[in-house]
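Please open the model in your viewer and keep the sequence panel beside it, so that each selection can be followed in both.

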Amino acid sequence: MRPRYFTPSEVAAHNTAADLWVSFLDRVFDLTPLMNQHHGDALLLPIMECAGKDISCWFDPETKDVLKYVDPLTNCVRYYTPRGRFVHVPPAGPRSDWASDIGEPWWRDDRYQVGLLSAKTRWIRVINTLTSQERRLQVCSEETLADILQRYLNYNAHANSYTWKHGGVKLDMSWTLGENNVLDDDRQLQQLRLDRDLFTPAILLHFNDDLTEG
């Protein structure tokens, strides 16, 4: 099963204690169950302050664990949490009010992972040639056209009844935009100081005369 990709703006939309997502090390986690489980715990505050944001700077990309340092006072290795200690991070010293048998800490618990963060997002214009309606979509470069179609269903419930084309060529819905030769020129446009909104690639939808595929 293909992983689901999210744009940073999609992660950012989940920014409350009742609906809290974060991204780190290219993964997207829904920490809402964690917030509910530890409701009222002060150790949630650093996480709440970063709701909807990328917190990769908290982690070591090699070990996938929270960053560590050597405490100059004790010469012991401790977790490095400059924003404050958070849930599942052990205290600096022995404590009677902290249970060490927590199992997997949340940042290693795949139950919280809902998908992957896109390494590169891009904009496309989806134009319905039957109605002349146009919709701008921000999509993930890793997504296939079938994934993008799922996004577009929010605006056209009969999107499956259309043939998707670019430059007059029918697109393979199992391929990404790049694999379909719908090039991403953002870097070149930036170098040339051109407005990329004026050069957003267009995907044309041609009606198939079959509403049975709603």
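In this predicted model, begin by selecting Asn 75, which counts as exposed because its relative accessibility is 62%, above the 50% cut-off for that class. Asn 75 sits in the loop between strand 5 (68–70) and strand 6 (77–79), and its phi is positive, about 60°, although the residue is not a glycine. Most residues other than glycine have a negative phi.

Select Asp 26 next, in the loop between strand 3 and strand 4 (27–30). Asp 26 is likewise a residue other than glycine with a positive phi, here near 75°, and with a relative accessibility of 54% it counts as exposed.

From there, move to Phe 24 and display its surroundings: leaving aside residues up to four places away in sequence, Phe 24 touches Phe 29, Asp 54, Ile 55, Ser 56, Phe 59, Trp 106 and Trp 107.

Now widen the selection to the largest nonpolar core, which has 23 residues, and colour Phe 24, Leu 31, Ile 47, Phe 59 and Trp 106, the members that touch the most other members. Two elements, strand 3 (19–24) and helix 2 (32–37), each give two or more residues to this core, and strand 3 gives the most, with 3 residues.

For the last stop, select Ile 124, Leu 145, Leu 149 and Trp 164, which are among the 16 residues of a second, separate core. In soluble globular proteins, nonpolar side chains tend to be buried together.

Technical notes: Residues are numbered from 1 along each chain as its sequence is written. This is a predicted model: local features need pLDDT of at least 70, side-chain atom pairs count only at pLDDT 80 or more; totals for chains, interfaces and linings use all residues. Side-chain values use heavy atoms; hydrogens and water are left out. A nonpolar core is a set of buried Ala, Val, Leu, Ile, Met, Phe, Trp, Tyr and Cys residues joined through side-chain atoms within 4.5 Å. Buried means under 20% relative accessible area, exposed over 50%, partly exposed in between (1.4 Å probe, protein chains only). Helices (H or I, at least four residues) and strands (E, at least two) are DSSP runs, numbered from the N terminus. Contact means heavy atoms within 4.5 Å.
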